[in-house]
Structures are given as structure tokens and as C-alpha cells.
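User: Please take a close look at one part of this model and describe how it is packed and where it sits in the chain.

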Amino acid sequence: MIDAVFFDIGGTILDESREFEAWADWLGVPRHTFSAVFGAAIARGSDWQEPFRVFRPDFDLAVELERRAAAGRPESFGEEDLYPDARSCLAALRDQGLFVGLAGNQPAHAEAILRALDLPVDVIGTSAGWGVAKPSPVFFEHVVREGGGDASSILYVGDRADNDARPAVAAGLKACLIRRSPWGYLLDIPAVSEQCLFRIDSLDELPSLVAKHNAASG
């Protein structure tokens with residue numbers, strides 16, 4: 001049975017479109033051009049920072065974040081950036097008596113913002129807070145520990161086959177891929193998808209799928 005459900009953050013519960021537009025503006029690049037280059041990099045399976053280096057070869061994320069903050073244009077997000085189905089899905093799963101968590105690759109400031117959103121979750125974990133990022137197995141060791149210690153009873157939900165589903169399954173967790181965000185549409189790895197317990201197009205689908213799975217497993 002599934003006792004705990006953990007969600008990736010960016011691209012899964014959080015729509016990053018507005019922030020990518022802000023980065024394009026910061027780099028002085030037309031938004032549609034930045035999007036096209038970003039999509040090409042994802043399709044090649046490249047690191048997500050590669051598009052930034054196309055326009056600025058010496059791009060250093062930490063340095064640019066500091067510069068943006070100093071200029072009064074910090075990287076940020078809010079309630080308006082949550083996908084419309086995110087809050088209701090989290091609440092519905094908790095109503096089933098499940099342990100619900102967030103666990104994703106996020107910078108230090110993101111955890112405070114997520115907590116301020118008062119989402120219906122039991123725990124929030126980030127790569128900055130844990131000191132390790134996906135797809136490292138150590139990241140998923142944190143997920144397992146926070147989720148009660150039994151990897152097989154934890155479902156990890158994410159938009160990326162490479163960074164979410166594959167390492168989750170390798171760590172013994174169940175996985176769910178959601179088809180959203182650029183990675184969800186462009187990065188298809190059939191061998192990984194076939195190992196997922198669920199594949200969905202909306203978080204609205206998830207609570208009933210989990211409930212049916214648990215009813216069948218009980």
C-alpha cells in the first residue's frame with residue numbers, strides 16, 4: 001500500500017513559467033527565443049543551465065541570483081504560481097490519511113516561501129536544506145527517512161523521467177510521472193515510464209488512483 005506521497009516542486013506543483021520569463025528579461029533575451037533554446041536543451045537531455053550559457057557563456061547561477069536580489073528583482077514565486085490542481089490534490093491525499101510531503105531541487109530561499117504558502121503537507125524538503133540534489137540516491141534516502149522508512153510504501157510524483165522517476169524507482173519507491181512542464185513533454189524515456197505506477201496529465205487524477213490502488217492492495 002501507499003502510505004506516503006512526496007511531490008517534486010518545480011514543474012509538478014509549481015508552474016515556473018513566470019520565473020523563466022523573468023530570467024529571459026534579466027538576460028536581455030526575447031522570451032520566445034529563450035523558450036526555444038531551453039526546449040532544445042531539454043530535448044537533448046542537457047543540463048537545465050545550458051540555455052543560460054548559450055546567451056551568457058560565463059553564467060554562474062549563484063552569482064546571478066545575488067545580482068538579481070541586489071537589483072530588487074530576486075527569484076521568487078507565490079500562490080499565483082501554483083498549478084491550479086496542486087493545493088486540492090495535496091489536501092485530498094491528506095484526507096485519505098496519507099503522509100504528504102514536498103521534496104525537490106530548490107535554492108535556500110524557496111523553503112521559506114513554500115512554508116509561508118501554508119500548503120496541506122506534513123514535511124517540506126529541499127536540496128539546499130538537505131545538502132544534496134536529485135538525482136543523487138542520497139536525496140531519496142532523505143525522502144524515505146522522512147516518509148517513515150519503508151521505501152516501497154512511498155510514492156514519488158514528478159515531471160521528469162530522468163531526475164524524478166528513474167532515481168525514485170532505483171531507490172525502491174513507487175513513481176508517478178506527470179505530463180507537464182517542458183521536461184514532461186519533451187523528455188520521454190519509455191524504459192522509465194514503464195516502471196512507473198501511474199502516468200497522469202493532471203494532479204486531479206492522483207487521489208482517486210491512489211485510493212483505488214490502496215483498496216486493491218488492502
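Analyst: **Domains and a helix pair**

The domain assignment of the protein chain gives domain 1 (4-15 + 80-217) and domain 2 (16-71), with bounds that come from an automatic or database domain assignment. The contact between them takes 11 residues from domain 1 and eight residues from domain 2, where contact means heavy atoms within 4.5 Å. The C-alpha centres of domain 1 and domain 2 lie 25 Å apart.

This is a predicted model, in which local features need pLDDT of at least 70, side-chain atom pairs count only at pLDDT 80 or more, and totals for chains, interfaces and linings use all residues. Residues are numbered from 1 along each chain as its sequence is written, and side-chain values use heavy atoms, leaving out hydrogens and water.

Helix 1 (residues 17-27) packs against helix 2 at an angle of about 115 degrees, their axes 9 Å apart. Helices are DSSP runs (H or I, at least four residues) numbered from the N terminus; axes are lines fitted to C-alpha atoms over the stretch in contact, and angles run from 0 to 180 degrees between N-to-C directions. Helix 1 is therefore roughly perpendicular to helix 2 (65 to 115 degrees).

On the helix 1 side, Phe20, Glu21, Ala24, Asp25 and Leu27 meet Arg31, Phe34 and Phe38 of helix 2. These residues divide into five nonpolar, no polar and three charged.

Ala40 also lies in helix 2 (residues 31-43). Ala40 counts as partly exposed because its relative accessibility is 32% (between 20% and 50%, 1.4 Å probe, protein chains only). The C-alpha atoms of Ala40 and Pro51 are separated by 8.6 Å, at 11 residues apart along the chain.

Note on methods. Helix = DSSP H or I, 4+ residues; strand = E, 2+ residues; numbered from the N terminus. Parallel < 35°, antiparallel > 145°, perpendicular 65-115°, else oblique. Nonpolar A, V, L, I, M, F, W, Y, C, P; charged D, E, K, R; others polar.
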